[in-house]
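Colleague: Could you open the model and talk me through it for a bit?

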Amino acid sequence: EDGDLVQLRFVYVDEVDCIGCTYCAGVARNTFFMEEEAGRARAFLQGGDDPEASASAIECCPVNCINYVDYENLEILEK
Ligand code: SF4
């Protein structure tokens, strides 16, 4: 309404299903990192990479455990 861009979708890694291959963190390194203790990927900065890089990271995941979610669901999932 005020002309500012608003992010409508966010990336979320289901860390239970992540196999720790590191692909996503290599493709979109400003969005995903490998959490050291569990060895699984996590999104640390929403919108850190351009949308194409984030989409490529999602596509390269061999177990399809990265998804787009809306803000409401992101808050629920992160808890
Ligand atoms: S590409 Fe998928 S399985 Fe591989 S580290 Fe990222 S989230 Fe985990």
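This is a predicted model: local features need pLDDT of at least 70, side-chain atom pairs count only at pLDDT 80 or more; totals for chains, interfaces and linings use all residues.

Colleague: Okay, ligand first: which residues come nearest to it?

Modeller: There are 15 residues around the ligand, and those that come nearest are Cys18, Cys21, Thr22, Cys24 and Cys61.

Colleague: And what classes make up that shell?

Modeller: The shell around the ligand consists of 13 nonpolar and two polar residues, with no charged residues.

Colleague: What is the largest cavity, then?

Modeller: The largest cavity is the space that the ligand takes up.

Colleague: Switching to pockets, what volume does the largest one have, and what lines it?

Modeller: The volume of the largest pocket is about 220 Å³, and its lining includes Gln7, Arg9, Phe10, Val11, Asp49, Asp50, Pro51, Ser54 and Tyr68. Strand 1 (10-13) and helix 2 (51-60) are the elements that give two or more residues to this lining.

Colleague: How does that lining divide by class?

Modeller: The lining of the largest pocket has four nonpolar, four polar and three charged residues.

Colleague: Now leucine 8: where is it, and is it buried or exposed?

Modeller: Leucine 8 lies in the segment before strand 1, and it counts as exposed because its relative accessible area is 69%, where the cut-off is over 50%.

Colleague: What does leucine 8 touch, leaving out residues up to four places away in sequence?

Modeller: With those left out, leucine 8 touches Val69 and Asp70. As for glycine 20, which is 12 residues apart from leucine 8 along the chain, the two C-alpha atoms are separated by 27 Å.

Definitions and conventions:
Residues are numbered from 1 along each chain as its sequence is written. Side-chain values use heavy atoms; hydrogens and water are left out. A residue is near a molecule or strand if one of its heavy atoms lies within 4 Å of it. On a 1 Å grid over the protein atoms alone, a cavity is a set of points where a 1.4 Å probe fits but cannot get out, and a pocket is an open set with protein on both sides within 12 Å along at least five of seven lines; lining residues have an atom within 4 Å of a point. A molecule sits in a cavity or pocket if more than half of its atoms lie within 2 Å of its grid points. Ala, Val, Leu, Ile, Met, Phe, Trp, Tyr, Cys and Pro count as nonpolar, Asp, Glu, Lys and Arg as charged, and the others, Gly among them, as polar. Grid points are joined across faces, edges and corners, and a volume is the space filled by probe spheres set on the points. Helices (H or I, at least four residues) and strands (E, at least two) are DSSP runs, numbered from the N terminus. Buried means under 20% relative accessible area, exposed over 50%, partly exposed in between (1.4 Å probe, protein chains only). Contact means heavy atoms within 4.5 Å.
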